[in-house]
Every structure is written in C-alpha cells, then in structure tokens.
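Subject: Structure handover

Hello,

Here is the structure for you to look over. My notes follow below it.

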Number of protein chains: 2
Amino acid sequence: METTFDFLSKQAKSTPPSLIRAILKAMQDDEIISFAGGMPNPISFPEKELTDSMQRVVKDYGSKVFQYSITAGLPQLREYIAERYNKKYNLDINAENIIITTGSQQAVDLIAKVTIDKGDEVLIEKPGYLGAIQAFSQYQPNFNPVTLENDGINTKELKRVLQKKKIKLGYIVPNFQNPTGVSYSAKKRKELFELVQEHNFLLIEDDPYGELRFEGEALPYAAGGKTTNSILLGSFSKTITPGFRLGYMITKNDKLRLAVNTAKEAADLHSNIFAQYVIWDYLINNDFDAHIQKIRNLYQEQCSAMINAIKEFFPNGIEHTTPQGGMFLWVTLPQGMSSMKLFEEAIKRKVAFVPGDPFYVNERNVNALRLNYTNASPETIKIGIERLGALLKEVC
Amino acid sequence: METTFDFLSKQAKSTPPSLIRAILKAMQDDEIISFAGGMPNPISFPEKELTDSMQRVVKDYGSKVFQYSITAGLPQLREYIAERYNKKYNLDINAENIIITTGSQQAVDLIAKVTIDKGDEVLIEKPGYLGAIQAFSQYQPNFNPVTLENDGINTKELKRVLQKKKIKLGYIVPNFQNPTGVSYSAKKRKELFELVQEHNFLLIEDDPYGELRFEGEALPYAAGGKTTNSILLGSFSKTITPGFRLGYMITKNDKLRLAVNTAKEAADLHSNIFAQYVIWDYLINNDFDAHIQKIRNLYQEQCSAMINAIKEFFPNGIEHTTPQGGMFLWVTLPQGMSSMKLFEEAIKRKVAFVPGDPFYVNERNVNALRLNYTNASPETIKIGIERLGALLKEVC
C-alpha cells in the first residue's frame, strides 16, 4: 500500500536537498576539470603513519578501541587538543571544555539544535559557509547575513543589525573563509569581540582551515576561549583525514556543552572511538607540524598557480580574493552576470566551479563563484582556468 | 562576561540528561558487578581479522578510504547488506534502499527529525528502548506507549489507540527487545502488519540483536521490506564492533530516504568511510556466520547462567523473561516495589542493574529492572545474582 499522507515534518519540508549535490551530479565526467569540490589533497593523508597507528592502538589497547565509549570523546585526545590550543593561541582551556564530534559539521548541527528556536535571530556571513546555512535552516531561524569584506565582516553593518535585532547566535569562519578565502584582520577580530560582549550573543568561530596558513601570521581568535559566549570549532579533516569524520567543539560554557553532549548522545552516542585512538596515537608519535608544513607548501603552490592563471586568462573587470591559506578563492563577475548560468556553459567547456548562490540565504543568480585549488596540479589548474577564461571573454 | 540570558532552545530544555549517565556515574567502583551496561562481549570483536582488513583496504583503495565520501554510504557495503537481507529474510531490497548511518542511533534520530512535528502521535512499546525515547523526545511528540507482552505488543490495546489517535510513527524492537528480551510471535507480527496497512503509519523495526538468536527460529519482519510504510534498522555494533559506529536504515520509501539523506548531510556529511571499507572487507573475506555463531554460543551460556542463578537465589514472586537471544532480560518485582530504591541498596551490595524507569515515558518508581548478561562470565553472573537475591530476600 502506498503512503497516502505526507509523513515529513515541517522541519524536513523546509530543508531542500543541497544544491551542491545537484551540481556534483552534473559533473560525472572525467574530462571535466573540477574546481567545485572542497576535498583536501590526498597528500594531507599520512597513510603509512595512520596504518602504523592502527596496528599500535589495537596492540596497546585491545578491545577498548572497538567497544562503546563515552559521548564527550577520548580523554587523551581532548587533552592533546587543549594543550595545542593553549600553546598556539595562548588560551586557557582543558579537556573538560572539549567534545569530540563526528566532523565539525556535527558540532554546527548540534549547537544549532540546542540553541535555535524557530524565529530566533542568527547572524551569518554574506556569503557564508553553506554547510552551516543548511544545518541552521533545519531549525528555522531568522537569518541576518552581514557583508563579508576582504578583512572580515562589515562591523558597521553588524552594529546596525545588533541595534535592531536581539541576536542569539553568530557564525563566522575567521581564517580563509569558505567560500571566499578571506581572513579577519586583528582590528575586525577585536571589534567583533567587543560586540559579542556588549550584545551578549553566542559566537561560533569555525576554524577548519586555520592550520593551513601559507602566508602572513596567525591571529588570535575573536572571542575564542575568552568568554562563555564563545564556541570554537576545529577539525582533523583538513590536516589528517576527512574520511574519519573527527572534529571538535571547544567552549567554557558548561550549560551549552552539557546540552550538546545530551544531544550527541541521542544523535550517535559517541564518535568512532577507534578513529579517535588512531588520530591521538598519530599526533603523539609523529611530527604533526612538519606534516602540516608539507600541506601548506603544496596549497601555496596550487593557489599561486590559480591566481597567476586568472591574471593571464581572465578578462578585465573580474575580481578575485587572494587567500593567505585554506582551500578556496572567490571570484566576482561583472554586475548582473549570473554564475549559475555561467556554470551551465562552463560544464560544456569541461570546467566546473560552485556558483555563488548556495552561499547566500536569499539571493539568487549572484555574480560570484567559488574556486577550489587544493585538488588539482598546477598544470591542470592552468588548463582549467584557461578554459574558464575563454568562456568569460566571450560572455563578458 | 557571563551569559545573562539562557541560550538553550525549547528543544534542548525539554531534553534532560540521560538517567543512564547518572546511573553509570554511581558505578565507578571496580568491586561492583554490573548488569547495568549494554556492552557486547569483546569476543564479538574480530580484532585480528579487522586489523587485516584495515591493512588491505589501505593497500587496495589508498587515499579513497581517507577522503570525503557520499552521504548514503559505501555502495558495496550497501549491496552486501541488501543481499544478506534478501537471502535471510526473503526480501526484495537493493543498495539504493539503504543509507549507512553513524550507529543505528543516528537513524532513529534522523527519522524522528524528518517526521515528527511537535504534538505528532508516536507509538512506542511499554517498556521501550530508552535511546529511542530520548531521540524522539527532542521533537516533542505525543507518546502512546502500548504494553509489551511476552509475545510482543498488546494488539488489542494498540487497536484502541489507533482508533482514537492518528498515529504517524511507530517504533518497535521485534527481536530480543531492549529492555525486556521479548520477541514478537509470528501472530503478533502479522497483526501488526495488518494494522500498519489499515491505519497507514510508518513503522520502524529496529533490529540490532536479530543475529544474536541462540534459541528458536528467526521470524519474518512485521512490515520490513513489504511496504513503503516500513523502515528497518540494523547495526554492526552487536556483531562486529560498536566502536566503529556503523548502522543502517532500509526503506523503500523514497521521499523519506531522501529527507533522511538531506538531514544526514547536515548532521555529519557521511559516516566514517574508512570504517565502512573495513567492515565491508571483513564481511566478504571472513565467515561472518561462523563468527556470529561464536557470539550466540557465548550469550546462550551467559543467559542460562543468569536464569539458573535467578531460580536459585531470587525469592518467590519475582518474574523474569526468558530471551531466545540478544543481551538483556527483564525482572518484574512484586507490585509497589521501586526498582530505583532497590538500585541504591544494590550499589551498596556491589551489584548494579538499570532500574525500569528510563524505559517508560511517564511512569516512575516502576517495579521492574533490566539485567544485561553479555559482559560477565557465568561465574561472575552467579555471584552478582546471589548478591541481588540476598537483597531481594530482605526487602520482599
């Protein structure tokens, strides 16, 4: 018998399938040079070292690595993370402030779940990370997108929003933002921290790319670790392996952490404990910083190749960001030009990118697009950008 | 600065931390014999074979096992599951009907998320699985608990509920139920299927223990695979390893599966792909059925030891179920006796169980409790039950 009424919840009905999936489907063609994905280069997966760690943790910990475990995550991994952040960012956090999550995506979802009621005011960047927009959307907040500039969010615009609206939760990617590659300046970080304190909202600083800096110097987080209004997110997906799905949430807000822990219990009990042991063993038995330096060097070379090719092949009037790290850059087309329409043409020319639309809450046919440079060689990048440049010269 | 308003969503406020966690905390004493957990015996973890599979999949598939992957899960693992269910239960399902989830707990959570609106009518067993009650509670349904008898749910009571209420979603554990160890008879399964068709509600049959049958014969699922109103859940947690957090959802309901897939994208993008490769490689390169038979033999021995000790040491007037498989049995105390109060005394006597309360939506101080027999030797089981029996003789 067929279902005769619709079983979907309002929440599910309000969450359309990701545009990205449709885009990736359009790309099942080996001849397409894709700058659309967000995949790390396989060089970032220390295959041999991880295989060694797997054997070692089975030998050292036996059935513990295969058994049920606690929701918050492996204590020694949380201690490692706390120490690294304390040292690197001069914070004062401990293992108790950390919950290991099934990718940092899970942290975004669970934080949204335990904080957002329908209609709550939420602050995001414009353009903003589509995985966060997607996760937040499920809980039906009122989105307040604030323009992202080359040195971070427009704080004047933000102040106007904060005066009009009681913002509950804000979400930013402070380093090498997805989709733009933009990083927040020290000035913008300071201003943002002052606004968090003045207007008392929760600020998520999602930082999956922070370790991948290939130019300039690391800056302190805006609010990270300094207040119970702060939540820091991190991930091993871009530095060790995304396949293991391990990220983490750091916050000194005990109530929030307890709520996330309870929600995580209902969501998946705990994250893969074997994977947690392996990552921890890898971290303490290898030179993690040397490994990261290799990734940085590669991405710097790939990013340069893309920017050089853009300068060589794109027509005048097209702007691009110049990331100091991370995986993406952002291209702004002439006013009025739709990157969605350009995408359809580009696929025919065997080159792909992500049109800007999914990074905005309401705007459609935006004149900007995201390019990923981490998963193609400099040579391939040049060919792909040349194809895109030829198309742009025709349509601009 | 301290948080001056409460950031928690209504949903989070309505989800109290699990009672189980408080119980487990009370038990951090090595001298306590615990029948409270729900952990598989480590014999069920094929450590050597899994370690072999790990090395093989890294060798055979290289960076693929560490990279991002698709949300629905590894196609060849889904094919294996489909074939096994088709053969074992005479179903007609394929890989497309399956989504791999981060434990079957995630499937319960995501199904609830995409189907339950506040106030929707949901059917559960009384007593019922607390992980499902917890996951459902987040979405604030109206619970309709129906009495579970020794051969399954009371169908007369169920019919009365179905006449009064428009049930949207039902949840049962057809084999060796958690917490009771009870299995549904063929008659009850047939009746339930008829009611699903007549009243057109979604039925989740959560079956993590089905493979662990040590007595009697496997029965067909109630609705499983026969209608788009059916959702079957399964898990590798009880047969290979819970630490990997891999379960799955099987349904021919395309709309529901798409909604779950979209929600899973926002929840964790996909489940650990390395773990999926390893489980799949293990399954195709080893005699899985022989492995399961070892677990069954052990659990049968442990279950017998517990039942024999109950007969020897418990006073008259105390009832217990006699499971044909799985991990738990259920003890009913004389009317009016609180298992919560008994628990406090039992801890002092160095023996632990889970009081019945968390398996009920509203009832408190219930006169029943859950005993787990899979994680202690027959000798230890005898000593623990003797301790509990001595206490019961004093208070009954």
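Which residues in helix 5 of chain B meet which residues in helix 9 of chain B? From helix 5 of chain B come B:Leu110, B:Ile111, B:Lys113 and B:Val114. They meet B:Leu256, B:Ala259, B:Val260, B:Ala263, B:Lys264 and B:Ala267 in helix 9 of chain B. Contact means that two C-beta atoms, placed from the backbone, lie within 7 Å. The residues of this contact divide into 8 nonpolar, no polar and 2 charged. Nonpolar covers Ala, Val, Leu, Ile, Met, Phe, Trp, Tyr, Cys and Pro; charged covers Asp, Glu, Lys and Arg; the others, Gly among them, are polar.

First, the ground rules. This is a predicted model, in which local features need pLDDT of at least 70 and side-chain atom pairs count only at pLDDT 80 or more, while totals for chains, interfaces and linings use all residues. Residues are numbered from 1 along each chain as its sequence is written, and chains are lettered from A and ligands numbered from 1 in the order in which they are written. Helices (H or I, at least four residues) and strands (E, at least two) are DSSP runs, numbered from the N terminus.

Helix packing

Helix 5 (residues 103–115) and helix 9 (residues 254–268) of chain B pack at about 115 degrees, with axes 9 Å apart. Axes are lines fitted to C-alpha atoms, for helices over the stretch in contact, and angles run from 0 to 180 degrees between N-to-C directions. That makes the two helices of chain B roughly perpendicular. The classes are: under 35 degrees roughly parallel, over 145 roughly antiparallel, 65 to 115 roughly perpendicular, the rest oblique.

In chain A, helix 4 (residues 75–89) and helix 10 pack at about 45 degrees, axes 9 Å apart. They are therefore oblique to each other. A:Gln76, A:Leu77 and A:Tyr80 of helix 4 make the contact with A:Gln276, A:Ile279, A:Trp280, A:Leu283 and A:Ile284 of helix 10. This set divides into 6 nonpolar, 2 polar and no charged residues.

Chain interface

71 residues of chain A are in contact with 71 residues of chain B. Helix 9 of chain A supplies the largest share of chain A's side, 10 residues. That side divides into 30 nonpolar, 30 polar and 11 charged residues.

Helix 11

In chain B, helix 11 (residues 288–313) has 26 residues and reaches 37 Å from first C-alpha to last. The expected span is close, at 38 Å (1.5 Å times one less than the number of residues). Its buried residues include B:His291, B:Tyr299 and B:Met306. Buried means 20 or more other C-beta atoms within 10 Å, exposed 12 or fewer, partly exposed in between. Helix 13 (378–395) of chain B is one of the elements covering them.

In chain A, helix 11 holds A:Ile292. A:Ile292 counts as partly exposed because it has 17 C-beta neighbours inside 10 Å. Its C-alpha lies 7.6 Å from that of A:Ser44, 248 residues apart along the chain.

Backbone points to check

Most residues other than glycine have a negative phi, and most peptide bonds are trans. Here are some exceptions.

- A:Lys126 to A:Pro127 is cis, omega near 0 degrees.
- A:Asn178 to A:Pro179 is cis, omega near 20 degrees.
- A:Lys350 has a positive phi near 65 degrees.
- B:Asn200 has a positive phi of about 50 degrees, and is partly exposed.

Regards
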